[in-house]
Amino acid sequence: MQPSTIAIDGPAASGKSTIAAALATKLGYLYFDTGVMYRAATWAALDRGVAISDEAAVTQLTEALQIDVKPPSINDGRQYDVLCDGVDVTWEIRSPEVDANVSPVAVYPGVRSALTAQQRRIGLRGNVVMVGRDIGTVVLPEAPLKIYLDASAEERALRRYREVQARGDQSQTYEDILENVKRRDAIDSGRTTAPLKAAADAIILNSTGLSIAEVVAQVEELIARRSA
Ligand code: CDP
């Protein structure tokens, strides 16, 4: 039987979203990127002038926030629409300000439990490829197929730099992005609640030097083996 839930975790900009979206399309599954929810909560805190260091206020805001992920309404390179209390924030959640503040927000246990509960509900419906940092360990520990996607920090930063450039955003240099990627990895791996790590039963794939198509092919082979 083909695994009905696929968990993909890994560090910043490791290609998780691209690989997961391609896989989901091939399998006819829902693709759900949990990073969007942490980014939306961070965007809302910045937008409303809530201090990122104010754990209680950020948690309260997150608990009250309505985050929706819907099929893309505009053909501008987006994978989906992200709505925060009805406002389209699809590109706003990719800003350097959100990049700089999202990992500190994702440390807060109250923020995590509010978002994890929603993610688990979506995941338990099955036929889903879910992407994040703690999907295989916390959100869907029963997932029959778990992948931990890694690559060198330099390659990950280069991929993200190219994405940002392709969007026409000239505000960040490669070095800015490399620094942000390394800083987020350190915070995400070092936190006490649901740190970034491979689940004991995850398959670790290092995509350094591999194309998207090559990584997707490797995951498909794993699925075929599990389904046999
Ligand atoms: O796409 P990229 O790898 O840059 O990041 P993302 O997946 O959009 O996640 C943004 C941030 O959200 C991460 O750096 C984590 O701090 C947090 N996150 C998390 O803590 N747990 C998740 N399941 C997903 C994201």
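I began with Thr-192, which is exposed, with a relative accessible area of 77%; here exposed means over 50% relative accessible area, buried under 20% and partly exposed in between, with a 1.4 Å probe and protein chains only. Thr-192 sits in the loop that runs between helix H8 (174-190) and strand S8, where helices (H or I, at least four residues) and strands (E, at least two) are DSSP runs numbered from the N terminus. I also looked up its distance to Gln-60, 132 residues apart from Thr-192 along the chain, and found the C-alpha atoms separated by 20 Å.

I note that this is a predicted model, in which local features need pLDDT of at least 70 and side-chain atom pairs count only at pLDDT 80 or more, while totals for chains, interfaces and linings use all residues. Residues are numbered from 1 along each chain as its sequence is written, and side-chain values use heavy atoms, with hydrogens and water left out.

Next I turned to the open sheet, whose five strands come in the order S2-S6-S1-S7-S8 with parallel pairing; two strands pair if DSSP finds at least two bridges between them. Strand S2 (30-33) and strand S8 (203-206) are the edge strands, each pairing on one side only. Neighbouring strands of this sheet are turned against each other by 20° on average, direction ignored, the axes being lines fitted to C-alpha atoms, for helices over the stretch in contact, with angles from 0 to 180 degrees between N-to-C directions. I followed S2 to strand S6 (residues 128-132), its parallel partner over four bridges, and saw that Leu-30 stands opposite Val-128 in S6. Helix H5 (residues 109-123) packs on the sheet and touches strand S1 (5-9), S2 and S6, its direction making about 155° with that of S6; contact means heavy atoms within 4.5 Å.

I then looked at the antiparallel strands, where strand S3 (residues 67-70) pairs with S4 over four bridges, and Ile-67 stands opposite Cys-84 in S4. From strand S4 (residues 81-84), Asp-81 and Leu-83 point one way and Val-82 and Cys-84 the other way, and all are buried. S4 also pairs with S5 in the antiparallel sense, over two bridges, and the bridge partner of Leu-83 in S5 is Asp-88. In the hairpin of S4 and S5, with two residues between the strands, I found Asp-85 at a positive phi near 45°.

Lys-16 lies in helix H1 (residues 16-27), and its side chain reaches the backbone oxygen of Pro-11 at 2.9 Å.

My last entry concerns Arg-94, in the loop between strand S5 (87-88) and helix H4 (96-107). Why does Arg-94 count as buried? Arg-94 is buried because its relative accessible area is 19%. Not counting residues up to four places away in sequence, Arg-94 touches several residues, including Asp-33, Arg-39 and Tyr-80. A polar contact of 3.2 Å joins the side chains of Arg-94 and Tyr-80; such a contact is a pair of N or O atoms within 3.5 Å, and within protein one must be able to donate a hydrogen and the other to accept it, with residues adjacent in sequence counting only if both atoms are side-chain atoms.
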